[in-house]
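This report examines side-chain packing and pairing in a single protein model.

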Amino acid sequence: MADAAENLRTFLLADSSLLASLGDQCNQIKALDADTYPFCVYFRTGTDPDTDRTLNQSVGVSPFRKFFDVEIVSNDIDEAADIAERVKTYADGFSGTFGGTTIQGLFVEDHDDDYRSRAVADDEAVFVQALQLQLVGVA
């Protein structure tokens with residue numbers, strides 16, 4: 001998978017309701033105009049070759065898992081929660097075409113309460129809904 005991060009952005013913004021909520025403010029780095037809410041920031045947190053969780057692989061292919069933290073940031077707590085819920089509904093359990101490859105599964109979970117946001121400073125008065133995405137497939 002050439003660029004899982006760019007494919008993730010394209011995948012998320014392919015959902016019309018996420019595109020309507022976020023516009024083009026879904027990036028790997030914090031939005032340049034931090035006063036424009038809501039926005040989505042995501043970070044690749046790991047990658048792991050894993051044959052146990054990858055099903056139906058052919059000889060010569062490389063199974064993988066890639067992990068991303070996704071943060072939905074808003075100055076409205078309900079808006080942040082609604083967008084995060086939409087990401088979960090849209091993405092969790094997805095399998096199929098993902099950029100230039102086919103993935104076997106995309107899994108979405110909430111982060112626990114101990115999660116520290118990397119998109120906002122501790123003193124910013126905004127709300128962050130944090131999710132963890134796991135991409136499972138073969139390259």
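A salt bridge is taken here as a side-chain nitrogen of Lys or Arg within 4 Å of a carboxyl oxygen of Asp or Glu. The model under discussion is predicted.

## Salt bridge between Arg-86 and Asp-15

The structure contains 3 salt bridges. In one of them, the side chains of Arg-86 and Asp-15 come together with an N to O distance of 2.4 Å. This pair connects distant parts of the chain, since Arg-86 belongs to helix H3, Asp-15 sits in the loop between H1 and H2, and 71 residues separate them.

The two partners can also be described by their accessibility. Arg-86 is partly exposed, at a relative accessible area of 29%, whereas Asp-15 has a value of 7% and is buried.

## The network around Lys-88

A network of salt bridges links Glu-85, Lys-88 and Asp-110.

As to accessibility, Lys-88 counts as buried at 19%, just as buried means under 20% relative accessible area. Glu-85 is partly exposed at 41%, and Asp-110 is partly exposed at 46%.

## Cysteines

How many disulfides does the model hold? The count is 0. For Cys-26, the closest cysteine sulfur is that of Cys-40, at 3.1 Å. A disulfide requires a pair of cysteine sulfur atoms within 2.5 Å, and the sulfurs of Cys-26 and Cys-40 are therefore too far apart for a bond.

Are these two cysteines buried or exposed? Cys-26 is buried, with a relative accessibility of 0%. Cys-40 is likewise buried, with a value of 3%.

In soluble globular proteins, nonpolar side chains tend to be buried together. The largest nonpolar core in this model comprises 25 residues, and Tyr-42 and Leu-133 have the most contacts inside it. Two or more residues are contributed to this core by each of helix H1 (4-13), helix H2 (16-22), strand S2 (39-48), strand S3 (63-74), helix H3 (77-91), strand S5 (101-110) and strand S6 (127-138). Helix H1 supplies the largest share, 6 residues.

What does Tyr-42 contact when its neighbours within four places in sequence are left aside? Its partners are Ala-5, Leu-8, Arg-9, Cys-26, Asn-27, Gln-28, Phe-68, Asp-69 and Val-70.

Note on methods. Residues numbered from 1 in each chain as written. Predicted model: local features only at pLDDT ≥ 70, side-chain atom pairs only at ≥ 80, totals over all residues. Heavy atoms only, no water. Core = buried A, V, L, I, M, F, W, Y, C linked by side-chain atoms within 4.5 Å. Buried < 20%, exposed > 50% of the residue type's maximum accessible area, 1.4 Å probe, protein only. Helix = DSSP H or I, 4+ residues; strand = E, 2+ residues; numbered from the N terminus. Contact = heavy atoms within 4.5 Å.
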